[in-house]
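Subject: Structure handover

Hello,

Here is the structure I promised to pass on. Please open it before reading further, and keep it on screen while you go through the notes.

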Amino acid sequence: MCIRDRRRVHGVCCDCRRILIVDDNAYNLMVLKTKLTNKNFDVECASNGAEAISVFEDLVHTANPCTKQLCFRVNMILMDVDMPLMNGIDATIELQKRMKNGLIPNIPIIGCSAYDSSNDIMQGLKAGMSDYITKPVTEAKLSQILLNR
């Protein structure tokens, strides 16, 4: 099963299962990483938006792709909102610019924050987040996000 339909090319689906988690809280990173590795995902981590951009670009441009015709090397980004140096909203805006300019592949960025007001969620979606889940991230929330992608 492809995580995203557009990853299917002539019936060939990328087998990579890598997610980038971006959060400045080490405990949150550990919890999400554990949940995702238990679901057989490879996980990369970053602690702020600027680091996320750097890690994502390194993965896209230097990581070995799988053997399929179309491999983005990263399936999804789970992006916290409130972080030092560069917050998740600004990082999402920057990543979306790079995606629109064809510099990096277009993959979903999922907001993942304790901020749960409708304004917070709308701000994330307006910045270019594909979806938004609130912390704490339960198995049910995580499974739903993974199924939708």
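Below is what I found, from the overall layout down to single residues.

**Overall layout**

First, a caution: this is a predicted model. The protein has 5 helices and 7 strands. Starting at the N terminus, the order of elements is β-β-β-α-β-α-β-α-β-α-β-α. There are 149 residues, and 46% of them are buried.

**The cores**

The largest nonpolar core holds 24 residues. L20, V22, F56, I77, M79 and L95 have the most contacts inside this core. Four elements each supply at least two of its residues: β3 (18-22), α2 (49-62), β5 (76-79) and α3. Helix α2 gives the most, with 6 residues.

Beyond its neighbours within four places in sequence, M79 touches V22, A52, G88, A91, T92, L95, I109, I110, G111, C112 and M129. There is also a second, separate core of 16 residues. Its members include L32, C112, V137 and I145.

**Helices α3 and α4**

How do α3 and α4 pack? In general, two packed helices are described by the angle between their axes and the distance between the axes. Here the axes of α3 (residues 88-100) and α4 (residues 118-127) come within 8 Å and cross at roughly 20 degrees. The cut-off for roughly parallel is under 35 degrees, so α3 counts as roughly parallel to α4. On the α3 side, the contact uses I89, T92, I93 and Q96. On the α4 side, it uses Q123, G124 and A127. By class, these residues split into 3 nonpolar, 4 polar and no charged.

Setting aside neighbours within four places in sequence, Q96 contacts I109, A127 and G128. Q96 and I109 are 13 residues apart along the chain, and their C-alpha atoms are 9.1 Å apart.

**S113**

Is S113 buried or exposed? S113 is buried, because its relative accessible area is 2% and buried means under 20%. This serine sits in strand β6 (residues 109-113). A polar atom of the S113 side chain lies 3.0 Å from the backbone nitrogen of Y115. Leaving out neighbours within four places in sequence, S113 is in contact with D80, V81, Y132, I133, T134 and K135.

**Backbone points to check**

Most residues other than glycine have a negative phi, and most peptide bonds are trans.

- The K135 to P136 peptide bond is cis, with omega near 0 degrees. P136 is in the loop between β7 (131-134) and α5 (139-148).
- N40 is not a glycine, yet its phi is positive, near 65 degrees. N40 belongs to the loop between α1 (26-38) and β4 (42-46). N40 counts as exposed, because its relative accessibility is 61%.
- L85 is not a glycine either, and its phi is positive at about 70 degrees. L85 lies in the loop between β5 and α3. With 79% relative accessibility, L85 also counts as exposed.

Best regards

Definitions and conventions:
Residues numbered from 1 in each chain as written. Predicted model: local features only at pLDDT ≥ 70, side-chain atom pairs only at ≥ 80, totals over all residues. Heavy atoms only, no water. Buried < 20%, exposed > 50% of the residue type's maximum accessible area, 1.4 Å probe, protein only. Polar contact = N/O pair within 3.5 Å; in protein donor to acceptor, adjacent residues only side chain to side chain. Contact = heavy atoms within 4.5 Å. Axes fitted to C-alpha atoms, helices over the stretch in contact; angles between N-to-C directions. Parallel < 35°, antiparallel > 145°, perpendicular 65-115°, else oblique. Nonpolar A, V, L, I, M, F, W, Y, C, P; charged D, E, K, R; others polar. Core = buried A, V, L, I, M, F, W, Y, C linked by side-chain atoms within 4.5 Å.
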